[in-house]
Amino acid sequence: MSTATPNTLLKTLLQNPSSIKTRSQAKQLHAQILKSTSSSSLINTILSIYSNLGLLQEAHLTFSTLVDPPTLSWKSIIRCYTSHGLFHQSIASFIGMRAFGKYPDHHIFPSVLKSCTCLMDLKLGESVHACVIRLGLDSDLYTGNALMNMYCKLQQCREEGPKSPNLNEHQVYDKTPARRLFKESLNNLSSSSDSGNGFLQRESSSLSSKQTADTETCNNFDHRVDGFVHRNANIEFSDCPCIIVDGIPLRWDSKEVFCMESVRKVFERMPVRDIVSWNTLIAGNAQNGIHREALMIVREMGLAGLKPDSFTLSTVLPIFAEYVDVSKGKEIHGYAIRNGLISDVFIGSSLIDMYAKCTRVEDSRRVFDLLPQHDAISWNSIIAGCVQNGLFDEGLRLFRQMVISKMKPKHVTFSSIMPACAHLTTLHLGKQLHGYIIRSRFDDNVFIASSLVDLYAKCGNIRIARWIFDKIELPDMVSWTAMIMGYALHGWANEALSLFRQMEMENVRPNYVAFVAVLTACSHFGLIDESWKLFHSMSRDYGIAPGLEHYAAVADLLGRAGRLEEAYELISTMHIQPTACVWSTLLGACRVHKNLELAEKVAEKIFKLEPDNMGSQVLMSNIYSAAGRWKDAASLRIAMKGRGMRKKPACSWIEVKNKVHAFTADDKTHPYYDKIHEALQVMSEQMVREGYVPNTDDVLHDVEEEQKRYILCSHSERLAIAFGIISTPYGTTIRVTKNLRVCVDCHTATKFISKIVGREIVVRDVSRFHHFKDGKCSCGDYW
DNA sequence: ATAGGGTTAG
């Protein structure tokens with residue numbers, strides 16, 4: 001081999017190092033260099049080539065051969081370490097370089113600062129900043145951007161200034177109340193105000209000049225006109241919900257919590273700013289909850305002559321998602337379409353999420369379908385969007401598709417999909433997922449563990465739920481709440497209460513939902529004093545304004561204890577508008593305690609709020625019947641019939657061998673009906689011998705006692721239990737789910753049946769559910 | 001040097 005060829009090759013290659021594209025090319029070149037020369041400058045070149053190609057191993061080895069690496073080599077190795085996530089090594093090399101007396105240049109600081117950011121080490125970052133200033137490199141664009149990014153990300157590490165006494169984190173960060181308020185306000189908003197106050201166009205001249213353009217683009221996308229946009233236009237992102245209870249405002253704009261001073265300072269001192277600088281500043285504000293400021297900077301950026309790019313948009317979209325502002329979200333969507341940014345996966349998943357959070361999953365779905373490529377996050381967004389909007393079956397279907405298309409689920413995927421199984425109480429699916437989770441080693445993730453706790457609790461397996469809960473190393477508020485709610489659903493009030501106290505002892509702050517859980521537990525067990533204490537402690541100690549659920553739980557409790565007037569008083573003085581639902585619990589209590597006078601008063605309120613509320617009309621008519629006021633009862637029923645109202649039959653179902661069997665009352669369509677009926681008869685006789693006395697109070701039909709007993713016996717949950725007994729092996733726990741409250745007699749009967757057959761029977765009632773028709777579930781594929 | 005997704009709800 002002649003020596004001329006490789007040398008010429010070397011020369012040409014080294015003049016243009018970016019022509020080396022692959023690992024083998026780089027290694028060949030390296031070999032040639034070692035063979036032909038011992039020049040260290042060529043070694044530096046090959047090191048930077050390795051570093052550029054992201055070849056950590058090769059770069060590391062090459063670097064370690066250098067005795068006194070020049071600045072260029074330090075630069076290469078630091079960048080290589082940082083880009084491979086070896087932040088400690090990156091910092092160590094930086095320190096080593098200083099020790100060797102080498103002066104870092106402006107190429108080094110972005111990597112070093114990124115390492116500080118990823119290590120969450122603000123102190124270190126600040127001293128690096130000092131170093132930057134001493135070297136006079138703070139005017140460098142890249143360094144400035146990296147500094148800003150660091151201060152944005154490490155905002156939380158900074159000691160927060162003096163806290164106002166009532167300020168607590170979850171109030172500021174919990175997104176749910178805002179969304180809840182929004183959904184409630186939808187019912188109240190009827191005026192359609194003009195939504196054309198284009199957010200992007202208003203001041204930024206660089207954007208579309210025609211104000212109608214966005215609307216047009218969006219209309220091409222969205223053919224439906226459902227008034228949502230207009231109704232929504234009243235909600236401004238500046239309207240941070242603030243509830244006043246006893247003169248104390250309970251929510252603050254998070255702006256007061258964070259200060260972006262250092263970021264702003266760096267930004268303002270930068271002599272040159274590019275789009276990255278602006279985007280960093282916007283993202284910093286957005287992610288620290290200072291949304292209004294973030295949006296203002298977008299406009300400012302437009303005035304500075306820079307067009308929002310895909311980074312800007314995917315930073316801004318989550319803001320509109322959080323404030324449920326679909327009209328502004330659609331503006332961004334239109335802007336993305338017009339500027340050819342629509343195939344960007346980042347924008348895509350932000351749009352999917354935004355539409356989903358605005359309860360418009362169909363639109364999320366369309367964005368998803370139109371994306372040329374799906375990554376794990378866009379899959380997660382669409383799956384989470386479906387599940388969060390109650391489309392559990394669709395969520396599961398998409399999850400399957402995701403797995404089929406060889407996209408590996410990430411841990412977020414599991415925490416998004418588990419609630420679907422929990423709500424559908426499909427334990428077999430949940431168990432499969434649990435297996436998948438363990439195999440993927442995601443089982444130590446708090447989010448996933450919390451949803452597993454919820455899943456097992458909802459599926460009636462409270463012990464396994466507790467077992468999973470106990471294995472969580474650092475349970476967060478949601479884990480505690482899921483477990484407490486599990487106990488509440490199973491009627492284990494004392495466990496729920498002691499867990500709640502334990503949570504408080506461990507300094508985990510309960511939030512809105514945690515109080516719903518613990519109050520529900522009290523309410524199921526009739527613990528009036530406890531629930532009053534909790535109810536008051538909620539606003540007093542934690543600054544949480546009681547919501548509908550809390551009022552409902554306490555009112556229900558008072559009502560069931562016969563303290564009807566107190567319950568009435570509580571509901572009447574609520575600081576929010578009571579709904580028909582809250583009044584209905586009191587109406588139920590009026591029936592139990594036979595207080596016709598109050599019942600009429602309450603019913604009037606309900607009928608005014610919800611003229612079509614069938615349950616209450618049936619309830620009221622039953623109250624009249626029980627009081628012997630047949631005429632009133634009849635007239636109510638006739639009125640209902642006249643308006644074409646019919647009560648939907650309740651339905652129970654049981655999962656046997658991965659198949660769901662659904663029953664309605666007196667349902668004779670099941671293929672094993674004869675056997676079920678026979679089993680029920682045998683059991684009924686046995687139950688009576690065991691001392692069972694049917695409680696026919698709930699059966700208000702004007703029929704003979706004998707007939708009443710038959711009606712009780714043919715309730716859907718009993719059919720389902722009987723089917724469970726004859727079709728599952730002895731010793732198996734029978735888990736029946738019902739989509740309305742379990743009747744009192746069935747509750748008693750279940751205990752007797754359980755005793756007779758020597759098996760645990762769990763009847764769970766769920767009010768929100770998927771649809772059953774002719775004994776089949778609407779999501780047949782999954783059963 | 002900058003961006004998107006997650007758990008609990010009588």
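What percentage of the 783 residues of chain A count as buried? In this predicted model, the buried residues make up 51% of chain A. The chain contains 40 helices and eight strands. Its accessible surface amounts to about 38,600 Å², and carbon and sulfur atoms contribute 54% of that area. Among contacts in chain A with a separation of 6 or more, 67% are between residues 24 or more positions apart.

One pair of helices was examined in detail. Helix H28 spans residues 493-505 and helix H29 spans residues 512-525. Their axes come within 8 Å and cross at roughly 150°. Angles over 145 degrees count as roughly antiparallel, and H28 and H29 are therefore roughly antiparallel to each other. The crossing of the two helices is left-handed. On the H28 side, the contact is made by Ala-493, Asn-494, Ala-496, Leu-497, Phe-500 and Met-503. H29 contributes Ala-514, Phe-515, Val-518, Ala-521, Cys-522 and Phe-525. Of the residues in this contact, 11 are nonpolar and one is polar, with no charged residue.

Trp-532 lies in helix H30, which covers residues 528-542. The relative accessible area of Trp-532 is 22%, and the residue is therefore classed as partly exposed, since buried means under 20% and exposed over 50%. Leaving aside residues up to four places away in sequence, Trp-532 touches Val-554, Leu-558, Arg-563, Glu-566 and Leu-570. Val-554 is 22 residues from Trp-532 along the chain, and the C-alpha atoms of the two residues are separated by 7.2 Å.

Technical notes
Residues numbered from 1 in each chain as written. Chains lettered and ligands numbered in written order. Predicted model: local features only at pLDDT ≥ 70, side-chain atom pairs only at ≥ 80, totals over all residues. Heavy atoms only, no water. Helix = DSSP H or I, 4+ residues; strand = E, 2+ residues; numbered from the N terminus. Buried < 20%, exposed > 50% of the residue type's maximum accessible area, 1.4 Å probe, protein only. Contact = heavy atoms within 4.5 Å. Areas by Shrake-Rupley, 256 points an atom, 1.4 Å probe, with all protein chains shown as cover. Axes fitted to C-alpha atoms, helices over the stretch in contact; angles between N-to-C directions. Parallel < 35°, antiparallel > 145°, perpendicular 65-115°, else oblique. Left-handed = near helix turned anticlockwise from the far one by under 90°. Nonpolar A, V, L, I, M, F, W, Y, C, P; charged D, E, K, R; others polar.
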